[in-house]
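Have the sequence and the coordinates open as you read.

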Amino acid sequence: MMNKRTPLVLGNWKMNTLPEEGRLLARQMVPIIKDGLHRRVEWGLAVPLTHTGLLATELRGHALLGAQDCSMHERGAYTGEVSAAMLSASGCDFALVGHSERRQYHGETSIQAGLKIRRLQEQGMMAVYCVGESLEQRQSGDYATVLQTQLHEGLQGEGLSLDSSALVLAYEPVWAIGTGLTASPEQANEVHALIRDWLLRNRGPEAAAAVRILYGGSVNASNAADLLAGPDVDGALVGGASLQIRAFADIVLSAC
Ligand code: PGA
């Protein structure tokens, strides 16, 4: 059965490209994707902060502009941090939160991710909350518990919006990020169904029906269609391949 959620494909450029290179990449992607779309698919790019000004102009009216992180604080003496309000004022529509590289290299926790989700939603932005298990956790069979804890800690408390334009979840098994190892379509859909079931039990049927769950981890132009075919897979979060014009366009178009 087709679900009613609009497919969403997001690129994550990580710390790649200089601003002008990024602008050229986006400029070439936009018309290819625009010409190929034959049903509603949302797409967007999470870019380095230095690129947001240029990219806001390139993507306006075509795609969503995003950051790769945001501060959990509203404002103040937090050297190096960028607030959700600043991102919004720079033209960002969304930000990634709790990406495994932030968890791994910057010690970010799910509780902190939860605060960031709130800051983004207060600005009317969409939070893309990333969850996923490590290789050891997958091999020990513990992954369901790990994911449930990440969901509980990141999405706890009153007042969180579970609207499709306010919250997106991304399942990114850590062992599949940048490794060339991809979860099989069955593995991906199994976890997506588990996440949707968590939403149903903990946040009710409306949230379970609305929230989009993206798959991320070595998605490329050859495996995207199979991964996206899962009934609980609503799109993709794409790292490496989002820096390649044709590959990324093909991935977006495979969500049609
Ligand atoms: P990858 O990265 O597609 O290069 O594996 C995905 C991500 O980190 O979001």
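## Around the ligand

How many residues surround the ligand, and which are the closest? There are 13 of them, and the closest are K14, H99, E172, G178 and S218. Bear in mind that this is a predicted model. By type, the shell splits into 7 polar, 4 nonpolar and 2 charged residues.

H99 puts a polar side-chain atom 2.7 Å from an oxygen atom of the ligand. G239 works through its backbone instead, with a polar atom 2.8 Å from a ligand oxygen, and G240 has a backbone N or O atom 2.9 Å from an oxygen atom of the ligand. On its own the ligand has 290 Å² of accessible area, and the protein covers 95% of that.

## The nonpolar cores

The largest nonpolar core has 67 residues, and W43, L45 and L169 touch the most other members. Helix α11 (residues 245-254) is the top contributor to this core, giving 6 residues. There's also a second, separate core of 13 residues, with L8, L64, L96 and L237 among them.

Take L45 for a closer look: leaving out residues up to four places away in sequence, its contacts include W13, M29, L55, F94 and F248. L45 also touches L64, one of the residues in that second core.

## Out at T57

T57 sits in helix α2 (residues 52-59). Is T57 buried or exposed? It counts as exposed, because its relative accessibility is 52% and the cut-off is over 50%. Between T57 and A193, 136 residues apart along the chain, the C-alpha separation is 37 Å.

Notes: Residues are numbered from 1 along each chain as its sequence is written. This is a predicted model: local features need pLDDT of at least 70, side-chain atom pairs count only at pLDDT 80 or more; totals for chains, interfaces and linings use all residues. Side-chain values use heavy atoms; hydrogens and water are left out. Helices (H or I, at least four residues) and strands (E, at least two) are DSSP runs, numbered from the N terminus. Buried means under 20% relative accessible area, exposed over 50%, partly exposed in between (1.4 Å probe, protein chains only). A nonpolar core is a set of buried Ala, Val, Leu, Ile, Met, Phe, Trp, Tyr and Cys residues joined through side-chain atoms within 4.5 Å. Contact means heavy atoms within 4.5 Å. A residue is near a molecule or strand if one of its heavy atoms lies within 4 Å of it. A polar contact is a pair of N or O atoms within 3.5 Å; within protein, one must be able to donate a hydrogen and the other to accept it, and residues adjacent in sequence count only if both atoms are side-chain atoms. Accessible areas come from the Shrake-Rupley method with a 1.4 Å probe; for residues, only the protein chains shown count as cover. Ala, Val, Leu, Ile, Met, Phe, Trp, Tyr, Cys and Pro count as nonpolar, Asp, Glu, Lys and Arg as charged, and the others, Gly among them, as polar.
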